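Hi,

Here is the structure I promised to pass on to you. Have a look at it first, and then read my notes below.

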Amino acid sequence: MCDSRSSLADAAPTALAEDRPFPDDLDTKGRSGITTLPSGEPEEWQGSHPRREFKARGSQVVRCEACRLPQLNCLCPYRVKAESRIRFWLITHPLEHYKPTNTGRLIGDVLEGTDVFSWYRVEPDPRLLALLEDDRYQPFIIFPDDQPDYADRVVDINAIAGVGEGVPTHTSAGEPRIPVFIMLDGTWRQARRIFRRSPYLDGLPVLPLHSQRLTRYHLRKAASEAHLCTAEVAAELLRQAGEEAAASVLDDYFDAFNDCYRASRIHYVLEPTAPMLRLLARREASDSSE
Ligand SMILES: [Zn+2]
């Protein structure tokens with residue numbers, strides 16, 4: 001999910017991206033994820049390797065059962081928690097759940113209290129419906145503000161503090177409500193579908209992300225570099241909401257995910273990058289304080 005111009009997970013809706021052969025990634029060569037590789041290595045892969053060879057390798061990849069990344073560069077050592085007053089509820093398209101390249105799940109790894117719901121058009125999750133009725137939460141649906149028919153529901157990030165918009169920040173008993181960002185986790189088309197075909201979301205304020213950041217996601221081909229993936233959108237929203245520490249951890253974890261995955265696709269064992277080293281240090285600090 002994304003800023004006003006852009007998409008969710010930005011991929012072709014039908015592609016199971018983890019088996020995509022590496023040559024599709026070559027247009028991103030030189031961007032952050034690949035710079036940790038020894039110089040010269042990308043050239044070796046840039047030639048005319050037959051696609052079927054890569055596909056064969058992709059289908060035989062051995063995955064970590066916990067993080068679902070290729071075991072060669074497992075993400076598990078970098079999994080750390082961060083604190084935030086903001087909760088995330090993800091409404092995930094069923095086709096997205098099983099993709100190891102899905103980034104929505106990274107949010108739940110980092111932030112306690114993240115909830116994930118599967119979206120089914122005819123049968124909304126009763127647990128989600130109950131949460132939407134729960135006065136303790138102040139839910140916003142994260143969605144671009146590029147269509148006129150719901151313009152009256154659009155708010156900006158200050159609405160979580162009750163500035164300028166009619167979103168109650170306290171319960172009827174006077175308790176502060178917990179801001180919740182509802183993210184529609186799927187490709188752009190899937191997210192639009194969820195947004196348009198879920199009447200129980202119709203009354204919610206719509207919070208678009210406006211950001212100049214470009215995507216760092218390498219695992220699926222983006223239609224545009226302005227299309228941020230789900231985890232990147234979440235990190236940007238946290239940052240704009242003043243939750244810089246949580247935003248940085250999620251950004252680092254996303255970078256680690258991206259780099260681990262990408263290196264495994266070219267069968268390269270990655271040395272810890274700067275974001276990975278920060279996550280390891282954080283994990284060590286939290287382990288020793290327990
Ligand atoms: Zn793992």
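**What I found**

Buried residues make up 39% of the 290 residues in the protein; a residue is called buried if 20 or more other C-beta atoms lie within 10 Å of its own, exposed if 12 or fewer, and partly exposed in between, with the C-beta atoms placed from the backbone.

Before you go further, two notes on how to read this. Residues are numbered from 1 along each chain as its sequence is written. The model is predicted, and local features need pLDDT of at least 70, side-chain atom pairs count only at pLDDT 80 or more, while totals for chains, interfaces and linings use all residues.

The term pLDDT stands for the predictor's confidence in each residue, from 0 to 100. The protein has a mean pLDDT of 81, and 79% of its residues reach 70 or more. Please be careful with residues 1–57, where pLDDT stays under 50. Where pLDDT is low, the predicted coordinates should not be read in detail.

**The overall layout**

Nine helices and five strands make up the secondary structure of the protein. Helices (H or I, at least four residues) and strands (E, at least two) are DSSP runs, numbered from the N terminus.

Contacts tell you how the chain folds back on itself. Two residues are in contact if their C-beta atoms, placed from the backbone, lie within 7 Å. Among contacts between residues at least 6 apart in sequence, 76% join residues at least 24 apart.

**The sheet**

In what order do the five strands of the open sheet lie? The order is E2-E1-E4-E3-E5, and the pairing is parallel. Strand E2 (115–118) and strand E5 (206–207) stand at the edges with a single partner strand each, so one side of each has no neighbour in the sheet. Two strands are said to pair if DSSP finds at least two bridges between them.

Here are some of the pairings to look for:

- E1 and E4 run parallel and are joined by six bridges; Arg87 has Val180 in E4 as its bridge partner.
- E3 and E4 also run parallel, with six bridges joining them; the bridge partner of Ile141 in E4 is Ile182.
- E3 and E5 pair in the parallel sense over two bridges, and Ile142 has Leu207 in E5 as its bridge partner.

Strand E4 is mostly covered, as seven of its eight residues are buried.

Among the buried residues of H7 are Thr230, Glu232, Ala234 and Leu238. What covers them includes strand E1 (87–92), helix H4 (104–110), strand E3 (137–142), strand E4 (178–185) and helix H8 (244–265). Just after H7, Gly242 takes a positive phi of about 85°.

A nonpolar core is a set of buried Ala, Val, Leu, Ile, Met, Phe, Trp, Tyr and Cys residues joined through C-beta atoms within 7 Å. The largest one has 58 residues, and those with the most contacts inside it are Ile142, Ala234, Leu250 and Tyr253. Helix H8 gives the most to this core, with 11 residues. Which residues does Ala234 contact, leaving aside its neighbours within four places in sequence? They are Phe88, Ile107, Met183 and Leu250.

Most residues other than glycine have a negative phi, and most peptide bonds are trans. Arg68 is not a glycine, yet has a positive phi of about 65°. You will find Arg68 in the loop between helix H2 (51–59) and E1, and it is partly exposed because 17 other C-beta atoms lie within 10 Å. His267, also a residue other than glycine, has a positive phi near 60°. His267 lies in the loop between H8 and H9 and is partly exposed, with 13 other C-beta atoms within 10 Å.

**One last residue**

Finally, turn to Leu280 in helix H9 (residues 274–288). Leu280 counts as partly exposed because it has 15 C-beta neighbours inside 10 Å. Not counting residues up to four places away in sequence, Leu280 touches Pro77, Tyr78 and Pro272. Leu280 and Arg79 are 201 residues apart along the chain, and 8.4 Å separates their C-alpha atoms.

Enjoy exploring!
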